[in-house]
Amino acid sequence: MTDNLEMLLSEALTGLENIQDSGSLQKWESQFLGKNGRLTQMLKGIGKLPPEQRADFGKRANEIKQTLTEAYEQHTEIVRQHELGKALEEGELDVTLPGRPVQRGGLHPSTRILRQIQAIWAEMGFQVYTSRDVEDDDTNFTLLNIPPHHPARDMWDTFYTTQEGVILRTHTSPGQIHAMRDYGGNGTQPIRVILPGMCYRYEQMTARSEIQFNQVEGLAVGRHITMTDLKGTIADFARRLYGEDTKVRYRASHFPFTEPSMEVDVSCTLCGGKGCNVCKYTGWIEIMGCGMVHPVVLQNGGYDPTEWSGFAFGMGPERIAMRKHDIKDIRYFWSGDLRFLEQF
Ligand code: FA5
């Protein structure tokens with residue numbers, strides 16, 4: 001029986017040496033080493049041998065299996081090299097062809113506009129302050145001069161959590177309180193920050209309104225800050241964002257946390273003020289709300305409002321991007337639709 005094994009070994013090795021292609025190599029492998037291969041069959045028949053021969057036979061069969069497996073692996077590499085060389089010679093592999101395109105991701109349009117807005121404010125000396133998405137009712141409303149049951153709370157329909165008093169922020173304005181308390185040195189230090197971040201509102205989704213959207217808040221606190229500073233700073237920002245010729249106008253408005261409060265319009269970026277469907281033929285588009293920080297809010301931030309003053313503003317980057325790229329529906333932003341995203 002051991003003679004049979006030796007014969008199989010020499011037959012297998014001779015056969016392997018002559019093989020030059022991967023098809024024959026596969027056949028050889030299943031013929032000798034495969035599940036139904038000859039060596040496996042011989043090993044299965046071990047029980048039929050006289051008991052005293054079984055140990056020697058098994059040992060030798062396993063050695064042969066090891067030898068053949070190693071020879072097979074070595075020969076596989078030889079055949080692979082051989083086939084590659086042949087393919088190159090025959091010109092099947094054209095190394096001058098361009099490579100397959102690699103799928104590259106891009107930045108989300110919200111991220112792009114956020115970065116652009118942040119870069120402008122950074123140039124103007126504002127630092128980024130990141131505030132939390134999950135807020136308490138006090139900071140989102142009460143400390144911003146919106147007490148419980150105040151009708152202004154209706155302006156911001158809120159997502160409540162199951163935990164009493166814990167909500168998703170409806171705007172970035174609560175970040176004003178955090179920034180003043182963190183950076184204000186108990187009302188002794190001036191502040192110049194912007195606060196970008198996601199906001200959440202439980203409201204009807206429409207082409208203009210999402211239940212989640214970004215805002216960029218701004219806050220400046222100092223000893224002699226006036227409305228003139230606010231108007232000049234925002235006009236400067238608008239011209240950096242939309243171009244030197246942009247006109248800016250301010251309309252009286254109301255926010256409980258600023259007094260006085262204003263809404264800011266810029267001359268329509270598409271028609272330049274002549275009137276088109278983007279500006280609804282008014283020549284103007286609204287870009288943000290703003291105002292002088294209310295004395296109550298300054299106080300809640302740790303400042304003495306008889307000595308300190310400040311201005312604040314809040315804008316919606318998605319709405320800004322919509323106007324910039326003529327995006328008709330805000331719901332595209334979070335739809336995850338690549339046909340939309342790949343345009344940016
Ligand atoms: C506010 O949220 C104020 N906190 C802004 C502010 C800050 C005023 C500081 C004064 C001082 P308002 O609700 O208007 O205001 O939202 C501000 C901007 O967020 C809007 O101009 C708009 O661009 C964007 N925005 C508001 N609601 C949505 C929405 N549902 N979907 C998309 N963008 C929205």
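Reader: At what angle do helix 2 (residues 22-32) and helix 4 (residues 51-90) pack?

Author: About 170 degrees, with their axes 10 Å apart. This is a predicted model, where local features need pLDDT of at least 70, side-chain atom pairs count only at pLDDT 80 or more, and totals for chains, interfaces and linings use all residues. Residues are numbered from 1 along each chain as its sequence is written, and side-chain values use heavy atoms, leaving out hydrogens and water. Helices are DSSP runs of H or I with at least four residues, strands are runs of E with at least two, and both are numbered from the N terminus. Axes are lines fitted to C-alpha atoms, for helices over the stretch in contact, and angles run from 0 to 180 degrees between N-to-C directions.

Reader: What are helix 2 and helix 4 called relative to each other, and why?

Author: Roughly antiparallel. The classes are: under 35 degrees roughly parallel, over 145 roughly antiparallel, 65 to 115 roughly perpendicular, the rest oblique. The angle is about 170 degrees, so the pair falls in the class over 145.

Reader: Which residues make that contact between helix 2 and helix 4?

Author: Contact means heavy atoms within 4.5 Å. Helix 2 gives Ser-22, Leu-25, Trp-28 and Glu-29. Helix 4 gives Leu-68, Tyr-72, His-75, Thr-76, Val-79 and Glu-83. By class, there are 5 nonpolar, 3 polar and 2 charged residues. Nonpolar means Ala, Val, Leu, Ile, Met, Phe, Trp, Tyr, Cys and Pro; charged means Asp, Glu, Lys and Arg; the others, Gly among them, are polar.

Reader: At what angle do helix 5 (residues 109-123) and helix 10 (residues 317-325) cross?

Author: Roughly 100 degrees, and their axes come within 9 Å. That value lies in the 65 to 115 range, so helix 5 is roughly perpendicular to helix 10. Helix 5 contributes Ser-110, Ile-113, Leu-114, Gln-116 and Ile-117. Helix 10 contributes Pro-317, Glu-318, Ile-320, Ala-321 and Lys-324.

Reader: Which residues of helix 10 are buried?

Author: Pro-317, Glu-318, Ile-320, Ala-321, Met-322 and Arg-323. The cover includes helix 5, strand 5 (212-222), helix 8 (227-242), strand 8 (284-293) and strand 9 (309-315). Buried is under 20% relative accessible area, exposed is over 50%, and partly exposed is in between, with a 1.4 Å probe and protein chains only.

Reader: How do you know whether Asp-326 is buried, exposed or partly exposed?

Author: Its relative accessible area is 39%. That sits between 20% and 50%, so Asp-326 is partly exposed. Asp-326 follows helix 10, in the loop between helix 10 and helix 11 (338-341). Its phi is near 55 degrees, a positive value in a residue other than glycine.

Reader: What about His-149: buried or exposed?

Author: Exposed. Its relative accessible area is 80%, over the 50% cut-off. His-149 sits in the loop between helix 6 (137-140) and strand 3. Phi of His-149 is positive too, near 70 degrees.

Reader: How many residues surround the ligand?

Author: 24. To be near a molecule or strand, a residue needs a heavy atom within 4 Å of it. The closest are His-171, Ser-173, Arg-201, Glu-203 and Glu-210.

Reader: Why is His-171 called buried?

Author: Its relative accessible area is 2%, so His-171 is under the 20% limit. The residue lies in the loop between strand 3 (166-168) and helix 7 (174-183). A polar atom of its side chain is 3.2 Å from the backbone oxygen of Asn-140. Beyond four places in sequence, His-171 touches Asn-140, Leu-144, Trp-156, Cys-199, Arg-201, Gln-215 and Phe-257.

Reader: And Ser-173: buried or exposed?

Author: Buried, at 3% relative accessibility. Ser-173 is also in the loop between strand 3 and helix 7. Its side chain makes a polar contact of 2.8 Å with the side chain of Glu-217.

Notes:
Polar contact = N/O pair within 3.5 Å; in protein donor to acceptor, adjacent residues only side chain to side chain.
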